[in-house]
Amino acid sequence: MKSELQRLADRAAAEALLDVAYATADSPFGKLLLAQTPRGLVKVSLPAYDPDQALQELAAQVSPRVLEAPSQLDEARRQLDLYFEGKLTEFDLPLDWRLTQGFRGKVQRAIARIPYGQTRSYMQIAASAGNKRAVRAAGTACGSNPIPIVVPCHRVLRSGGALGGYGGGLPMKEALLELEGVLR
Amino acid sequence: MQVASRVSRLGLWQRLIQQVSALPPFQILLDDHASDVMAVLRGAVGRSEAEDCFQETFLAALRAYPKLRDTSNLRGWLLTIAHRKAIDHHRAKGRRPLPVAEPEARIAVEPNDGIALDSGIWSAVGVLPPKQRAAVALRYACDLPHAEIAAALGCSPEAARRSLHEGIKRLRKELA
């Protein structure tokens, strides 16, 4: 049955019927769920989050045409593997931003510009998203980042240097910052 | 003021309804029903052709899925499409007689399908007329009740029962 399902996913993609392709990827923190639309990577769901719930949300928010299609996500998985090995400092993947809009969308794009191994404060992010007083909103927007790791919200800290929060849990945020040489 | 709050309440309801009635990810349909659909198609068109019909069935389902209103019987919906694809397949092949005894065409079912099919019986099922064949396959490969067979075949439960009955009668004669 496996080869039939693989063939179905390939044909669905070729006939523009595969709106959301997903696959799981191993990480040092557990299994990640990756989802992609024809525009690009739309969702990275962290191990702390229920993958079935994530798929339900994708079905409701993007399209119910959701299929498991690992081959479609080969490139994203390859880059993530390299990143976790410390061998990749900049992701080169098309992103689909449709799950964040308005100010949140601006915050996500500002986060995406933080270079590897550097950090910013929530206040700096609010400013580079165009409203330096919206610190709290910037914090919320970090917390609702649909594409964590690739859009590196783990590089955003409190002004005093405290870690702040992280959707995948603070130990994961710490580990990512250690990997990038920010913490040791 | 009142109008505004009614409008926003309406919006809230619409969002709630949208969430509650949201279609499940299509992959769940595959996980739950793909092996049943394959079993029905093997009964209806034979093992070697079932694979193509399987692809056609799920591509058609995928195409129609976002507009599907009634999600109460997704299995019946998929089996209905599978049945139509099996009929299309027979039409496309025209009235040519089916190869009854292909040397390697043993209708053995993979272990994970969970159905033990006797190859002799199923090759006899393979030469029944399409409706009888589909009824027999749905009844004995998928263990569907008459009402669901009727839904899948797009006929009345009476007609489904009749097709099944005729099919079995003929099988008895063939195998006697």
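Reader: At what angle do helix H6 and helix H8 of chain B pack?

Author: In this predicted model, helix H6 of chain B covers residues 130-140 and helix H8 of chain B covers residues 157-175, and their axes lie 8 Å apart. Angles of 65 to 115 degrees count as roughly perpendicular, which makes H6(B) roughly perpendicular to H8(B). The angle at which the two helices pack is about 95°.

Reader: How do the residues of the contact of H6(B) with H8(B) divide into nonpolar, polar and charged?

Author: From H6(B) the contact takes residues including B:Ala135, B:Val136 and B:Arg139, and these meet a set in H8(B) that includes B:Leu164, B:Glu166 and B:Ile168. Sorted by class, the residues of this contact are five nonpolar, three polar and five charged.

Reader: Which residues of H2(B) make the contact with H6(B)?

Author: Helix H2 of chain B, residues 26-45, has an axis that comes within 8 Å of that of H6(B), and the two cross at roughly 145°, in a right-handed crossing. By class the contact has six nonpolar, one polar and one charged residues. On the side of H6(B) it is made by B:Arg133, B:Ala134, B:Val136, B:Ala137 and B:Leu138, and on the side of H2(B) by B:Val40, B:Gly43 and B:Ala44.

Reader: Which element gives the largest share of the side of chain B that touches chain A?

Author: Between the two chains, 19 residues of chain B are in contact with 20 residues of chain A. The side belonging to chain B has 13 nonpolar, four polar and two charged residues, and the elements giving two or more residues to that side are H2 and helix H3 (47-64) of chain B. The largest share, seven residues, comes from H3(B).

Conventions. Residues numbered from 1 in each chain as written. Chains lettered and ligands numbered in written order. Predicted model: local features only at pLDDT ≥ 70, side-chain atom pairs only at ≥ 80, totals over all residues. Axes fitted to C-alpha atoms, helices over the stretch in contact; angles between N-to-C directions. Helix = DSSP H or I, 4+ residues; strand = E, 2+ residues; numbered from the N terminus. Parallel < 35°, antiparallel > 145°, perpendicular 65-115°, else oblique. Contact = placed C-beta atoms within 7 Å. Nonpolar A, V, L, I, M, F, W, Y, C, P; charged D, E, K, R; others polar. Left-handed = near helix turned anticlockwise from the far one by under 90°.
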